[in-house]
Every structure is written in structure tokens, then in C-alpha cells.
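The sequence and the structure are shown first.

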Amino acid sequence: MSANGVDVEYMMKLKPYEDDNCYYDAVFLARLAPSKGIFEIPEIWSKVVERCPNARLAMIGNGTPEVKKELQGIIEKYHMERNIQMLGYLENEEAYRFLKSSKVFLFPSHEEGWGISIAEALSCGLPVVAYDLPIYKYIFKYGVFEAPKGNVEKMAELVCDLLMNENLRSNSATKGQNFVLNHYDWNAVSEKELRLILK
């Protein structure tokens, strides 16, 4: 069975943005779909802002006009217009540079077959806050902080812990990045595949 992978070395070479306008405390990156937990993000972030009033979140990804309109309405319901910015679809390099300019990856997805967005975030040196989907325990050993599915309070708490504790954030990011580099970089995946073929 072939493993998924990411180009970790490429992402590690990318530079973060230097413009302060491109800096966000956290980033979400995926298609804008209800299954990705996007409608819970404004509530999660409102609870983050209670402890970190100036915290900013970027949401990268595209969706249908109906979904985007509903999401914008929920953002306004929680008065998060100044704290959450929807950046829409971005090309890979641009999106990854936003990740590298951030501190935390927020990913409240309800279902995943593997978790490519998490692997990309870890490759960019970000710890991840996600729901405790069973697949993550099998795929990712480091760098992912999990809350019970649907528990927005716990999600916000984990985000705040990472934002307010630089050592925790840095150590978990380094461990997560090294783990993905050693196990899911395409070079590591191809070497594993070759060993299986040659057996």
C-alpha cells in the first residue's frame, strides 16, 4: 500500500512573509466545506480572542458562494470580522508562506482519510490543533494537539496554550516537522516503497 507524502524539503526552504499584513496567529487551509468544520471556526476563534484579544486567523481555501456566504454570516454573528480574514484560494507557494508566517494551524475537520493539510502544516513548522479523529493517531505521532470532536471550548484552549507558550509551540513544531520529514517526505516514501519492491 502506497503512503501519502509531501515535499517537506521544499516547504522548509520557503521563506515567511516579512510584511506584517501577511502575519496571522493561526491559519486554516482546506476547501471551504461543512465537513472541514468551517462553521465552528468563528465560535472557536471568538473564545481564543477572549484570552488573546488581538489574535488573527487566516482562512485559506475556496468554496461555493452559498457556503462562503453562510460562513461570513457566522463570522459576523460572533463579531469576528476584525479577527478572521478569508483569503480565498491561493497557489501552493503563497499559501505555504502564509503558514510559515503563522504560529498555529487550526483544523477542525470532522472526517479525514489521511490528513494531507496536517502534514503540510507540520512541514511548514506549525503545531496543529485538530479534533481527535482516529486516523491521526495512526498517521501523526508528534505535533498534533487533539480536542474531542465538536468541543469548541477545548479547541480554543489548545490554540491559546500554544499561542501563549513559546517553548511548547516551538518544541512541538520541531518534533512534528522532523517526524514528517523522516516518514512522509517524498524521498522517505519512495525509499520505503523501493525496499518493499526489492523484498
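In this predicted model, the exposed residues Pro65, Glu66, Lys69 and Lys77 lie on the face of helix 3 that is turned away from its buried side. The buried residues of helix 3 are Val67, Leu71, Ile74 and Ile75. These four share one side of helix 3, because the arc they cover around the axis is only 105°. An α-helix has 3.6 residues a turn, so residues three or four places apart point the same way.

Helix 3 comprises 13 residues, 65-77. From its first C-alpha to its last, helix 3 reaches 18 Å, close to the 18 Å expected at 1.5 Å a residue. Just after helix 3, His79 adopts a positive phi of about 55°.

The packing partners of the buried residues in helix 3 are helix 2 (41-51), strand 2 and strand 3. Strand 2 (residues 57-60) and strand 3 (residues 84-88) run parallel and are joined by four bridges. Leu57 has Ile84 of strand 3 as its bridge partner.

The remaining topic is the cysteines. How many disulfides does a search of the whole structure find? The search finds zero.

| Cysteine | Closest cysteine sulfur | Sulfur distance | Relative accessibility |
|---|---|---|---|
| Cys124 | Cys22 | 15 Å | 6% |
| Cys160 | Cys52 | 4.1 Å | 1% |

For Cys124, the 15 Å to the sulfur of Cys22 is too far for a bond. Cys160 is likewise in no disulfide, with the sulfur of Cys52 at 4.1 Å; a disulfide requires a pair of cysteine sulfur atoms within 2.5 Å. Cys124 counts as buried because its relative accessibility is 6%, and Cys160 counts as buried because its value is 1%; the cut-off for buried is under 20%.

Terms used
Residues numbered from 1 in each chain as written. Predicted model: local features only at pLDDT ≥ 70, side-chain atom pairs only at ≥ 80, totals over all residues. Heavy atoms only, no water. Pairing = 2+ DSSP bridges. Helix = DSSP H or I, 4+ residues; strand = E, 2+ residues; numbered from the N terminus. Right-handed = clockwise from strand over helix to strand, strands pointing away. Expected span 1.5 Å × (residues − 1). Buried < 20%, exposed > 50% of the residue type's maximum accessible area, 1.4 Å probe, protein only. Arc of directions from axis to C-beta. Contact = heavy atoms within 4.5 Å.
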